[in-house]
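Please read this briefing alongside the sequence and the structure shown below.

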Amino acid sequence: MEQQNKAHRAVRKKSQKVAAQNNGQNPKAFAVAAPRRLERQARRTLDVNEKRFHVPMVDRTPEEPPPVIVAVVGPPGTGKTTLIKSLVRRYTKHTLSDIRGPVTVVSGKRRRLTFIECANDMNSMIDIGKIADLVLLMIDGNFGFEMETMEFLNILAPHGFPRILGVATHLDLFKSPATLRASKKRLKHRLWTEVYKGAKLFYLSGVLNGRYPDREILNLARFISVMKFRPLKWRNEHSYLLADRIVDITHPAEIERNSKIDRKVTIYGYVHGTPLPALNARVHVPGIGDLTISDTERLPDPCPTPYQEKKDVEEGKIKRRKRLDDRLKVIYAPMSDVGGVLIDKDAVYIDIGHRSFVEGEEKGVGERLVVGLQNAKTTLGEGAAGIRLFSGAEALNEIKPEDDEDDDIRKRNSGRKERRHGRAIAGESYPGHSDVGNDDDGDDEDEDEDYDDADAEEAAYSKSMASRLVDNDEGEAEEFEFADSDSDLGDYDDVDDFEVGSGDLRWKSNLADRALKDYNRRKWDIGKLLYLDHISPEDVIMRWKHEQLSSAVVDGEEEDIEDDAFASENGDGDNGDNFFKKRENSSILPADAEVIDRTIPVYDDESLKDKWSVSSPAFAALKGRFITRQSDESDEVNSSDLDSDGDDVFGNFEDLETGQTITGSSAEEEKQHSVSGEEEAEEQKEISYDKVREANARKKEKFRLRFEEEEQQEDDGLGDDDPEKKLYDTWHDAQKAKIAKQLEINKAEFDEMDSATRERVEGYRAGQYVRMVIDNVPCEFIETLDPTFPVIIGSLLASEDRLGFLQVRIKRHRWHKKILKSNDPLIFSLGWRRFQSIPIYTTSDSRTRNRMLKYTPEHLHCTGTFYGPLIAPNTGFCAVQSVANGAASGAFRIAATGIVLDVDQSVQIVKKLKLVGTPYKIFKNTAFIQGMFNSALEVAKFEGATIKTVSGIRGQIKRALSKPEGYYRATFEDKILMSDIVILRAWYPIQPRKLYNPVTSLLLNEKTEWQGMRLTGELRHEKNLPVPQLKDSDYTTIERAVRRFNPLRVPKTIRSELPFKSQIAMMNPQKKESYLQKRAVVVGGTEKKKRDMMQKVMTLRNEQVRKRHEKKRERKTAYQKKVAENEEKRKERERKDKQEFFKRQGKRRNTGESGGGGKRHRGDDE
């Protein structure tokens, strides 16, 4: 049987709709299921991206950045010192025993860290908050956030938030892991609330061997080493320095004479922020005041990074280290006694301990000598006893010269009185040691002054050498050769210059020829020849041009003063004496001698004309070197017109010889031709002026359009190179590119300068280690110096050195308990300064006036005005009422925060003033008012002012009355009563008090107890004084008379005409008493007994009802208690049932059992 198979299903053909969808024509494929949700998501994405942007700031971080300032802040007992020791040990392998002041360590190839511990002091927290790049916020994990931590965070908020890392300690005190986890979570979320969501929090469990565990410190150190920092606004505009070393260089003698003299102090540290000015920089030291830097010097980096050290070795600035000694370079902490040796500009300091030399306990002669020199009141030699070189010698007050040396010393001090003579050579002397004539006396005056001191020595030397002629065996004198200098004797090492047998010097040969040759090459100085008295001007010119001199001058001429050559008058000398004789009928120079003097160039006029003619190639080559203005085709006035009219621009001029006034247009014609008529000159003048005006107008319009185009290019960003038009789509990216381009331009310009010039122009850049000298520092700063309190030097801008009134927007801190009152002193932290001032709080009334407020408003900002240094607007500040730790009550101390709005030398603040008066005469709408003013002058000042009564009737002041004084006439919109009170609302100007009291905490022994101006209440409380009671301020009983108003009386004529509804019901008083008024109720005997019986029955009933309600209340209370117990048992039972249920469910999931009820699944029956 043939197999029968089922036919296959026929293939369906795709419809046209499906085919169109496959071809990309399906409109629903790209539709959005939830358009509004997509819109919200897109909006949120854009918002998140916009929040990432910051205002572009110039990043002035140099190639070698300064050390990152890491501040360790926290309450006492949280482990700040232990953390610094652990981190320093991790970075440098050093163990610090005592941390005092900043500690700088190398943490990487190009990064250094400066650790500083913040004391539990308001001043220290404010100062460190202004300079710290990274804050390690110490938190006691077992206790939580404390008040000091919250205060420091609120100090950072107005001054600029640096990077913050939370460090929780004392976590080893938790015994339960669950409690530890809960505490970590609570601390982390609280830190996120105060800083920002996602802030890092590190956990340190315990202390081992005086340090935290190495693994936990390693994690923290690695995170610190790779952190990035964004520049803050205030620090990016000012230079500042954290002092890591302070030395007093005042002269000890001045301190001995006056121990309170102002000191001269040197401060060392790394420059941060902008470059520090090199000359006379004005700075502020918080805790001292404003000072001026007298000298600044850049020193070698005491703690360089490996990158910088390698770079200096390659450039040859320092030598390469031959051995690796990390302990010398990776840490720098001079205040913490690390290293022991400090090299200063002019001294070397060796630290040998704190108790090495104790006065009265000296161990040897050397120590007694050192202590005695330290206590000396005068310097060596200043005392009356003089200097005693030996124990038995005479005390010397001055040095007495020996007798033999008196002449030489006198000659050295008084100068040479005669010309020098040549020394004898080989016992010979030149005859005729007369003064040699000199034509260049002025030329040698300066040289003689330099060699006066050597003349006496030369004379003594020649005399002593002449006496050394010793007789030999034949009785002949042994000859010694003398010369003017050692060079005259020649170099005996050279055999060619000296002949041993003859004793003659070869250099003496041909002396005359060589002297003549040298004389021919001599060049005269015209500047000195002009001032010689014995030479005529003609001879000066002849000498200068090397022409023949006059015979009178040549007869007495004796040359060559510079070589000290001498000649005789008769010419009897040998070895070229003929050279010094007069040459008759001959010029100074031979005809064929080469002219060496090039003071006046010698040119050929004809050759110069040919060389620089218009057609010469030299002129064409030189012409291309100049930039000339291209002719503009748009200019209608061509060059010929401008040339012809160019003189007209400068107006007319007058011929001084003839007195004729010539116009600019006819000036050329006057030179070439005769003068034309006055009418023709005026017409030509008007035509030329019109043309020039039109040309100038076109030029101005062209320049205006070009200027506007350049301004538009500047507004766009970078002009033709604007990256916003080419590469960037957002303004933010374009601004960043603009800033980067400007930085590159500045860097290229400064790199071309040498270091000294760059420091004078730019200043000392950030990252350089400098030594600055400051004069006039109060002596208390040195006497009470404590390295645990930071010393900051902040530079001041030009405007910040002036005082004036500042307008700020201020708000009382929500955690501060007391409300702030006007004219109460506050301590402001503004810029680098901490100062006390008296603010006045104001509010703006419809932007017309600043109205004074007595107190700050609740939960609102207000305007404050106080006197202080002028700081740029948009600068944040905070204020406290006291910085003394003794005045701390445990409450939150940050009183207010705000921002500077405006700076001004003056300000207008007004206070509301109410003047009260009463009427004493009333005439309809006019009244005479008394008791408001005291004189007619006061009334005249307020004429036209608006007044108002208590009842609301408005009026106006008109004129003052002649009598009595101070009374005036006023008109009202209605008639007032004699009992009305008239009120005038005026404004009284208030001037803030000028108080600027800097906080000088660094000048105190107790630096945490600075107190400024205090309130009157504080002084009364301290001195136990009662509050004075003014009589006018006492509260007394106010007695007001009862006012009785007359009844309303309507005339009969009006009453009769009123309609019935408006008729006034007139009721006469009742004269006779009614029956009810006249009757009297008297209770009889039976009635009285009945009433008494009913009263007793009702009393018993009320007592029974009360007892019944009391028992019912007791039963209800017991029932409610029983119901509550049952409800509690039911809840407990349900809770246990739930636990059992979920326990069983958990076991089932673990063993793979199926869940509870529901539909049966496939495979359940198998």
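**Briefing on selected local features**

This is a predicted model, and the points below should be read with that in mind.

**Backbone geometry**

- The peptide bond that leads from K963 to P964 is cis, its omega being near -10 degrees, and P964 itself lies in the loop that joins β30 (954-960) to β31 (968-972).
- H170, although not a glycine, has a positive phi of about 60 degrees; this residue sits in the loop between β5 (163-169) and α6 (177-194), where H170 is partly exposed at a relative accessible area of 27%.
- N209 is likewise not a glycine and has a positive phi, here of about 55 degrees, and its position is in the loop between β6 (201-203) and α7 (214-225); with a relative accessible area of 77%, N209 counts as exposed.

**Nonpolar surface**

- A nonpolar patch on the surface is formed by L608, W612, V614 and F619, which together contribute about 370 Å² of accessible area.

**Cysteines**

- Counting pairs of cysteine sulfur atoms within 2.5 Å gives 0 disulfides.
- C118 is buried, with 1% relative accessibility, and C303 is also buried, its relative accessible area being 0%.

Definitions and conventions
Residues numbered from 1 in each chain as written. Predicted model: local features only at pLDDT ≥ 70, side-chain atom pairs only at ≥ 80, totals over all residues. Heavy atoms only, no water. Patch = residues over 30% accessible without salt bridge, like charges linked within 9 Å, V, L, I, M, F, W, Y side chains within 5 Å. Areas by Shrake-Rupley, 256 points an atom, 1.4 Å probe, with all protein chains shown as cover. Salt bridge = Lys/Arg side-chain N within 4 Å of Asp/Glu carboxyl O. Buried < 20%, exposed > 50% of the residue type's maximum accessible area, 1.4 Å probe, protein only. Helix = DSSP H or I, 4+ residues; strand = E, 2+ residues; numbered from the N terminus.
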